[in-house]
Amino acid sequence: MKDTKLYQFIIRHRMGFARIIYLILLIASVVLVSNQGGKLTYVLFFSFLLYPVLSFIHILYTRFVFRVYQEAGGHVLYKKTPVSCQISFENSGIIPIAGIRIITTDDVSEFRDPFADNRFSLAAKEKMNIDTEITCNYAGAYVAGIKEIKLTDCFGIMGLTYDIPTPLRVTVLPIVTDIAEREMSRLYAEDETGSKPYRLETHEETLGNEIRKYMEGDSMNRVHWKNYARSGKLYVRLPERQNSGLMSIAILTGEGSDTVKRDYMMEYLVSAANWFAKQKRPVRFVYKYGSGTKEWLVENYDTFQKFYMERLPETVSKSADVDENEVLEKMEAVGGSMAVYREDEGKLLRIDRKR
């Protein structure tokens with residue numbers, strides 16, 4: 001029955017039906033008082049008349065004393081992977097409360113136990129614990145689990161819906177797939193500007209004389225210590241025939257928070273980084289972070305793991321506005337090819353280096 005259109009219609013409009021029934025009963029009590037009088041009719045009349053006021057006071061009281069807590073098994077989760085979740089409801093007052101419904105973020109996450117349609121009631125000072133699992137359906141940083149509380153009276157005539165004060169904020173990592181591997185192979189093998197194809201001698205580990213500034217993720221074995229002794233600044237030596245093959249990818253997130261686009265962006269970037277790590281070829285990611293820009297070099301499995309677990313969540317964290325040109329200028333400082341991933345467009349775009 002729960003799948004029928006009639007049932008869904010009744011659920012969506014149940015408060016409207018309850019109000020219509022209440023008005024009919026109120027009018028009926030007025031007619032009885034007018035025509036018959038008597039103690040019983042007056043009791044009914046004033047009961048119907050005062051019910052909305054008393055219900056409103058009880059709803060406000062419930063809003064003040066009701067507490068909800070939720071905690072998932074770690075703030076960094078994995079897409080489509082269930083994790084344990086503990087939910088607690090508490091009545092901190094001295095009067096029983098009822099008519100409590102929870103509203104969940106069904107569009108981005110779901111609980112193992114579907115209890116959103118349940119109405120909860122708590123005795124004075126009672127605490128209720130629910131052990132369940134939560135599954136997040138998209139990669140990104142967002143609010144999951146319970147997002148709102150809806151309070152109603154016992155007949156469903158009046159209601160109050162509000163956001164919970166402490167929502168469950170999670171960072172969800174994407175699944176490692178191969179969605180970017182074909183494009184990475186093409187970009188790396190063919191130069192769209194018409195120059196020679198990239199052909200890295202990845203087996204060549206002899207450090208040459210070319211140097212560049214140290215970037216987080218670089219091996220300390222490549223640091224040019226003599227240059228550091230002279231200048232006090234960290235530079236790394238590049239393997240021979242490898243400096244021209246470094247690819248830099250700028251990550252430009254959109255102003256909005258489109259869950260689907262962000263999910264695809266994170267899965268695409270992880271796939272690209274994984275491809276470079278498997279090929280043992282260097283790729284540098286540049287992205288907005290805080291009040292400026294940040295970068296990370298992926299060239300092997302270890303640096304890929306750090307990018308996946310630590311740096312990728314930074315790309316979707318709240319950042320101050322950074323001029324796009326600042327990100328591109330950051331890439332200009334290092335040799336090699338450049339590309340930009342724009343979240344709004346959902347694709348990787350090759351860009352030419354300034355002459």
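Which residue just after H6 takes a positive phi? Lysine 280 does, at about 55°. Keep in mind that this is a predicted model.

## Helix H6

H6 covers residues 259-279, and its end C-alpha atoms sit 31 Å apart. That agrees with the 30 Å its 21 residues should span at 1.5 Å a residue.

Most of H6 is covered, with 15 of its 21 residues buried. Its N-terminal end has a cap, aspartate 258. A side-chain oxygen of aspartate 258 lies 3.0 Å from the backbone nitrogen of valine 260.

## Helices H2 and H3

Now for a pair of helices. Two packed helices are described by the angle between their axes and the distance between the axes. For H2 (residues 14-35) and H3 (residues 39-65), the axes come within 9 Å and cross at roughly 145°. The crossing is left-handed.

So who meets whom? On the H2 side you'll find Tyr22, Leu25, Leu26, Ser29, Val30, Leu32 and Val33. They meet Thr41, Tyr42, Leu44, Phe45, Phe48, Leu49 and Pro52 in H3. Sorted by class, this contact has 12 nonpolar residues, two polar ones and no charged ones.

## Serine 88

Over to a strand: serine 88 sits in S3, which runs over residues 83-91. Is serine 88 buried or exposed? Its relative accessible area is 14%, so it counts as buried, the cut-off being under 20%.

The side chain of serine 88 makes a polar contact of 2.8 Å with the side chain of asparagine 129. Leaving aside neighbours within four places in sequence, serine 88 also touches other residues, including Arg67, Val68, Tyr69, Lys127 and Met128.

Definitions and conventions:
Residues numbered from 1 in each chain as written. Predicted model: local features only at pLDDT ≥ 70, side-chain atom pairs only at ≥ 80, totals over all residues. Heavy atoms only, no water. Axes fitted to C-alpha atoms, helices over the stretch in contact; angles between N-to-C directions. Helix = DSSP H or I, 4+ residues; strand = E, 2+ residues; numbered from the N terminus. Left-handed = near helix turned anticlockwise from the far one by under 90°. Contact = heavy atoms within 4.5 Å. Nonpolar A, V, L, I, M, F, W, Y, C, P; charged D, E, K, R; others polar. Expected span 1.5 Å × (residues − 1). Buried < 20%, exposed > 50% of the residue type's maximum accessible area, 1.4 Å probe, protein only. Polar contact = N/O pair within 3.5 Å; in protein donor to acceptor, adjacent residues only side chain to side chain.
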